[in-house]
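Have the structure open as you read.

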Amino acid sequence: MIGIFGGTFDPIHYGHLRSALEVSEIFGLDEVRLIPSAQPPHRDLPVASAVMRLHMLELAIINQPQFVIDQRELNRQGKSYMVDTLSSLRDELSQQPLLLFIGSDAFNKLTSWHQWQRLFDYAHIAVLTRPGYVINELDPFFTQRQTGDRRQLSRQISGLLFFQPITQLDISATNIRQIVAAGRNPRFLLPDAVISYINEQQLYQNT
Ligand code: ATP
């Protein structure tokens with residue numbers, strides 16, 4: 001099974017990295033694709049450029065060979081719809097189970113995503129606990145797909161919903177950008193190599 005983790009990663013932090021590692025271990029994933037978004041449909045454009053966010057991802061995943069950066073959203077024109085991303089991954093990976101994982105904040109907004117029901121045609125979805133976010137009442141579309149049996153996810157290639165508790169790290173990219181802008185030290189919230197790059201490029205100083 002291949003894990004899919006999309007985000008703006010502006011910047012990538014230990015909330016992302018720890019989640020990806022835990023999901024990879026819990027579900028026995030063959031690889032985790034980290035997919036930086038070019039133009040997120042539901043939010044302001046990222047502060048750092050695509051090239052910079054990509055470089056920070058590269059610095060963050062050194063020595064984690066099962067984490068792979070996938071640039072397909074950066075190479076595509078227009079808004080970065082996850083349904084298009086999953087459809088193109090499905091074309092390439094034909095019969096492999098795919099597991100899209102998202103935090104509970106993102107899951108609460110899932111029904112506003114472009115063609116959200118079709119996400120399940122291409123992948124399973126695992127929802128990860130995130131501090132400060134309680135899951136909203138579930139749409140019947142979700143309850144029909146929910147399973148509590150993790151093994152079922154490897155028996156079919158898509159279509160199931162699973163709720164996965166993970167270590168709670170109350171870290172957000174917004175908070176990191178604010179810390180940098182205030183001239184404070186973001187150390188221990190994200191990898192040192194990423195902090196050095198932020199400092200070199202004077203990123204996030206005016207956010
Ligand atoms: P921002 O503060 O700029 O909105 P963010 O920290 O939420 O950024 P994103 O790149 O927007 O990071 O998130 C990508 C994915 O990672 C989303 O599915 C989000 O729910 C999840 N995520 C981000 N931070 C955490 C965290 N601390 N714990 C669990 N999931 C997280």
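Asparagine 63 lies in the loop between helix H2 (50-60) and strand E3 (67-69). Helices (H or I, at least four residues) and strands (E, at least two) are DSSP runs, numbered from the N terminus. Asparagine 63 counts as exposed because its relative accessibility is 69%. Exposed means over 50% relative accessible area, buried under 20%, and partly exposed in between (1.4 Å probe, protein chains only). Accessible areas come from the Shrake-Rupley method with a 1.4 Å probe; for residues, only the protein chains shown count as cover.

This is a predicted model: local features need pLDDT of at least 70, side-chain atom pairs count only at pLDDT 80 or more, and totals for chains, interfaces and linings use all residues. Residues are numbered from 1 along each chain as its sequence is written, and side-chain values use heavy atoms, with hydrogens and water left out.

**Backbone geometry**

Most residues other than glycine have a negative phi, and most peptide bonds are trans. Asparagine 63 is not a glycine, yet its phi is positive, about 70°. Glutamine 115 also has a positive phi, near 50°. Glutamine 115 lies in the loop between H4 and helix H5 (119-122). With a relative accessible area of 36%, glutamine 115 is partly exposed.

A cis peptide bond joins aspartate 10 and proline 11, with omega about 5°. Proline 11 is found in the loop between E1 and H1.

**The ligand site**

The ligand is surrounded by 22 residues; the closest are His13, Asp105, Leu169, Ala173 and Thr174.

| Residue | Protein atom | Distance to a ligand oxygen atom |
|---|---|---|
| Phenylalanine 9 | backbone N or O | 3.1 Å |
| Arginine 130 | polar side-chain atom | 2.9 Å |
| Threonine 174 | polar side-chain atom | 2.4 Å |

Taken alone, the ligand exposes 600 Å², and the protein buries 91% of that. Which elements give two or more residues to the shell around the ligand? They are strand E1 (2-7), helix H1 (14-26), strand E4 (98-103), helix H4 (104-107) and helix H8 (173-181).

Arginine 33 is found in strand E2 (residues 31-36). It counts as buried because its relative accessibility is 12%. Its side chain makes a polar contact of 2.5 Å with the side chain of glutamate 31.

Leucine 153 lies in helix H7 (residues 152-155). At 0% relative accessibility, leucine 153 counts as buried. Leucine 153 and histidine 124 are 29 residues apart in sequence and 7.2 Å apart in space, C-alpha to C-alpha.

Glutamine 178 sits in helix H8. Its relative accessibility is 47%, so glutamine 178 counts as partly exposed. Glutamine 178 and leucine 153 are 25 residues apart along the chain, and 39 Å separates their C-alpha atoms.

Key: Near = heavy atom within 4 Å. Polar contact = N/O pair within 3.5 Å; in protein donor to acceptor, adjacent residues only side chain to side chain.
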